[in-house]
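The following exercises are to be worked through with the sequence and the structure at hand. Each task is followed by a solution in steps.

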Amino acid sequence: MKPNSLLQTLKAVVRELQNSLDWRICWLTTIAASTPANAVSLAARWKERYGPLMFFTVANRTVVGLNTVDVAHEALRKMEFGNRPYVASLQLLSGGGNNIGQSQIGPRWRLHRKLAIRGIGCFLQGDSMDTKIRQAFKITSECLESMKGPFNPKSIADLTIYNMLRPFLVNKSYRLEEAGFQKMIGYNDDLISDFGAFMIEDIIPPLRHIYPSRKYRRTAERIKYIQDELGWKELREHKAKFDPDNITDYMDVLIEEQKKTEAEGGPEDISLISDKYIVMNVVDLFTAGTDTTRSTLNWMIKFLVVYPEVQSKARDEIDNTIGRDRLPMVSDRNALPYCEAVMLETMRMRPPLPFSLVHTTRCDTELRGYQIPKDSVVGLNLYTIHHDPDQWDEPEVYRPERFIKDGVLDQKPRSWLTFGTGVRACLGENMAKTELILILACLLQQFYFRLPDGVTELDMDPAGCAFVHITRPYKIIAEKRE
Ligand code: HEM
């Protein structure tokens with residue numbers, strides 16, 4: 001190693017030791033998450049033992065566990081609970097804490113969150129989303145029709161979700177057989193299984209500068225590919241053909257905002273919307289918006305083949321309200337309360353992020369009379385809240401009807417926290433739900449789904465790490481309706 005690079009490495013190690021104390025939480029999650037079933041059952045036992053609010057100290061750092069719905073709402077609506085921890089692998093994904101999801105509360109986070117909410121809002125109005133659904137479903141439907149015999153629906157669920165979000169972000173779709181799609185899915189799947197599972201750099205961060213592990217290098221390589229493909233390459237192409245009178249996608253919206261700020265804003269405003277932050281914003285929406293939603297779609301299909309009576313009831317609702325002559329549209333959503341209940345119940349049973357995303361406190365604060373120091377790590381025991389018998393009747397039973405009252409969708413229960421709550425709550429909730437209900441309605445309007453002959457049950461335990469709950473592989477038969 002040259003003296004210069006040795007010096008740089010040493011500086012990076014010192015900086016890492018100064019900044020990164022949150023690796024301590026990774027000791028815990030890593031041990032707890034040795035299997036996903038372990039992680040959620042351990043979290044449920046903690047709730048039984050310690051009650052609504054749980055504190056422990058790991059190497060001088062306070063860790064707070066929010067175990068019940070009341071305490072979760074109480075804490076997470078406070079700005080003081082709104083920061084994120086420093087975790088080496090997430091630093092990679094967020095380009096050093098520079099995307100929306102891993103930014104600390106501050107002007108850049110506010111600006112990019114506002115831009116994302118506005119961009120999604122525009123997408124949900126007019127016929128933009130209907131057009132994207134029609135285009136995405138056409139490709140999905142062709143793939144389903146070509147499947148002869150039992151198949152694992154995962155890649156078709158992945159394709160459908162990618163083809164909803166990618167056109168919104170950069171106005172492009174994928175085909176199932178396309179090498180770029182297979183590579184993108186493969187890389188994202190690797191990231192899902194590597195995050196939250198044992199990564200030595202999350203425990204001893206300076207190692208990433210001295211002797212990064214194979215897993216860390218693999219993760220870095222995959223993240224670089226995703227950021228280059230979905231971010232930098234697209235930004236170059238979009239800038240080259242940018243036309244303010246023809247804004248076609250979300251990347252254009254961000255470029256337009258950048259140009260406006262460059263013309264009217266001061267240096268500080270301009271620095272908040274640099275090329276790097278545009279790229280991180282787009283890539284963040286892509287990863288945050290696809291991994292969670294494709295996991296839900298895959299779970300939903302699995303529940304529908306295990307519970308054929310739920311599938312029939314949802315299909316009847318679609319036939320009776322929309323019929324068979326046209327595809328479902330955004331404006332049909334209110335007419336499909338049972339389909340919506342199927343989605344809500346699937347996400348209650350198997351929330352894609354069983355522990356949400358970890359928060360930290362921005363300053364010394366207080367919760368229920370307890371003093372909580374600045375930089376405490378705050379975790380939401382979301383899965384346990386979704387299965388809490390004090391909140392849900394027979395929580396282990398899959399029953400969409402629990403969300404329906406007098407034939408209409410009941411108010412969203414306070415203990416349904418799939419998208420988090422408070423200041424850092426998911427900004428894509430409305431988009432994800434609309435997408436999922438419409439895709440479900442399109443699928444059931446056109447196809448029957450069933451278990452292969454001779455198969456009577458499926459393993460409903462989650463696979464993958466504790467970060468995103470994904471299904472174990474399974475096979476189904478899809479039959480086109482006459
Ligand atoms: C089934 C689908 C989805 C689920 C279950 C989900 C769930 C969540 C959860 C639990 C959080 C963390 C909340 C917290 O820290 O308190 C989150 C944050 C976030 N989600 Fe989603 N999400 C989904 C879809 C989407 C979509 C479609 C987008 C955008 C296109 C999106 C963008 C984000 C972003 C940017 C954040 C970070 C917000 C912040 O830190 O300020 N998500 N999501």
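**Exercise 1: A residue in a loop**

D249 touches F168, L169, V170 and N171, when residues up to four places away in sequence are not counted. The model in which these contacts are found is a predicted one.

*Task.* Determine where D249 is found, and whether D249 is buried or exposed.

*Solution.* Step 1: locate the residue. D249 is found in the loop between α12 (214–240) and α13 (250–264).

Step 1: apply the cut-off for burial, which is 20 or more other C-beta atoms within 10 Å. D249 has 21 other C-beta atoms within 10 Å and is therefore buried.

Step 2: F419 is 170 residues away along the chain, and the C-alpha atoms of D249 and F419 are separated by 24 Å.

**Exercise 2: The helix α13**

*Task.* State which residues of α13 are buried, and which helices these buried residues pack against.

*Solution.* Step 1: check the span of the helix. α13 has 15 residues, and the distance from its first C-alpha to its last is 21 Å, close to the 21 Å expected at 1.5 Å a residue.

Step 1: list the buried residues. They are Y250, M251, D252, L254, I255 and Q258.

Step 2: recall the geometry of a helix. An α-helix has 3.6 residues a turn, so residues three or four places apart point the same way.

Step 3: identify the packing partners. The buried residues of α13 pack against α6 (107–124), α8 (154–170), α12 and α15.

**Exercise 3: Strand pairing**

*Task.* Describe how β2 pairs with β1 and with β6.

*Solution.* Step 1: take the pair with β1. Strand β1 (residues 53–58) and strand β2 (residues 61–66) run antiparallel and are joined by 6 bridges. In this pair, F56 has V63 of β2 as its bridge partner.

Step 1: take the pair with β6. Strand β6 (residues 377–380) runs parallel to β2, with 4 bridges between them. Here the bridge partner of G65 is G379 in β6.

**Exercise 4: Positive phi**

*Solution.* Step 1: consider E394. Its phi is near 40 degrees, a positive value in a residue other than glycine.

Step 1: consider D406. This residue is not a glycine, yet it has a positive phi of about 50 degrees.

**Exercise 5: The whole protein**

*Task.* State how many helices and strands the protein has, and what its radius of gyration is.

*Solution.* Step 1: the protein has 19 helices and 12 strands. Step 2: its radius of gyration is 23 Å, close to the 23 Å that the globule rule gives for 482 residues, so the protein is as compact as a globular protein of that length.

Note on methods
Residues numbered from 1 in each chain as written. Predicted model: local features only at pLDDT ≥ 70, side-chain atom pairs only at ≥ 80, totals over all residues. Helix = DSSP H or I, 4+ residues; strand = E, 2+ residues; numbered from the N terminus. Rg over C-alpha atoms; globule rule 2.2 N^0.38 Å. Pairing = 2+ DSSP bridges. Buried ≥ 20, exposed ≤ 12 C-beta atoms within 10 Å, placed from the backbone. Contact = placed C-beta atoms within 7 Å. Expected span 1.5 Å × (residues − 1).
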